[in-house]
Amino acid sequence: MIGILVAEHLPLVRRGLVATLDNENDMRVVADVAAGQDVLPAVLRHAPETAVIGLDLPDICGFTTAIRLHEEAPACRVLLLARDPSPGQVRRAFAAHALGFMSLEVGPEQLAHGVRQVAAGRRAVDSELAVAALRSAENPLTRRELDVLRLVAQGAKSGEIADQLFLSVGTVRNHLSRIMCKTQARNRLDAVRIADESGWL
């Protein structure tokens, strides 16, 4: 019997996941939570073999939650679920030590198969997503360019970025120009979107 924790902040989606997995003869949902901060305590209390975690938890995202479980409860293997999965998210999921990454739109049979794979220590990812992740470009941005772009993502202006990174405003603008060139973005916010979807941030 595979013990499962489900973490998803939307009540109807969470109940649907619980019902789907509980309907399998070899699975039992031992706990379900709505927030990322509740995942680790529930895992430590109920000791599930697998945690099925929604990527978009409102307080602590699924990637961070997966990392925490890897560090604090490594016996619990993680399957992440995303509403709009991207190749970059696949790479980020595996970097966060999750074994599985699937869309919330998969059917019950595919979800159950994914949970079985993850519980057995094998990877579970949609084949089209896996191929796209392998084909997607490597991160072309330097560490400093990523520093600049992360501050842009937080809403910082060029002067604020310069102050925080101890750079001149001209240097910041040069970094932004190179970032938009490398990402082929229309503007700085588009560059943030592209980098985030590619898993570079």
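Analyst: Two strands pair when DSSP finds at least two bridges between them, and strands (E, at least two residues) and helices (H or I, at least four) are DSSP runs numbered from the N terminus. This is a predicted model, in which local features need pLDDT of at least 70, side-chain atom pairs count only at pLDDT 80 or more, and totals for chains, interfaces and linings use all residues. Residues are numbered from 1 along each chain as its sequence is written, and side-chain values use heavy atoms, leaving out hydrogens and water.

User: How many bridges join strand 4 to strand 5?

Analyst: There are four bridges between strand 4 (residues 77-82) and strand 5 (residues 100-103), and the two strands run parallel. Leu81 stands opposite Met102 of strand 5.

User: In what order do the strands form the sheet?

Analyst: The order is 2-1-3-4-5-6, an open sheet of six strands with parallel pairing. Strand 2 (27-33) and strand 6 (124-125) are the edge strands, each pairing on one side only.

User: Which strands does helix 2 touch?

Analyst: Contact means heavy atoms within 4.5 Å. Helix 2 (residues 39-46) packs on the sheet and touches strand 1 (2-7), strand 2 and strand 3 (50-54). Axes are lines fitted to C-alpha atoms, for helices over the stretch in contact, and angles between N-to-C directions run from 0 to 180 degrees. The direction of helix 2 makes about 140° with that of strand 2. Helix 4 (residues 87-95) also packs on the sheet, touching strand 4, strand 5 and strand 6, and its direction makes about 150° with that of strand 5.

User: Is Ser158 buried or exposed?

Analyst: Buried means under 20% relative accessible area, exposed over 50%, and partly exposed in between (1.4 Å probe, protein chains only). Ser158 has 11%, so Ser158 is buried. Ser158 lies in helix 8 (residues 158-165). Leaving aside neighbours within four places in sequence, Ser158 contacts Val169, Val172, Arg173, Leu176 and Arg188.

User: Are Cys76 and Cys181 buried or exposed?

Analyst: Cys76 is buried at 6%, whereas Cys181 is exposed at 59%.

User: How many disulfides does the structure hold?

Analyst: A disulfide is a pair of cysteine sulfur atoms within 2.5 Å. The structure holds zero. The closest cysteine sulfur to that of Cys76 is in Cys61, 16 Å away, which is too far for a bond.

User: At what angle do helix 9 and helix 10 cross?

Analyst: The axes of helix 9 (residues 169-183) and helix 10 (residues 188-197) cross at roughly 55° and come within 10 Å. The contact is made by Leu176, Ile179, Met180 and Thr183 of helix 9 with Arg188, Ala191 and Ile194 of helix 10.
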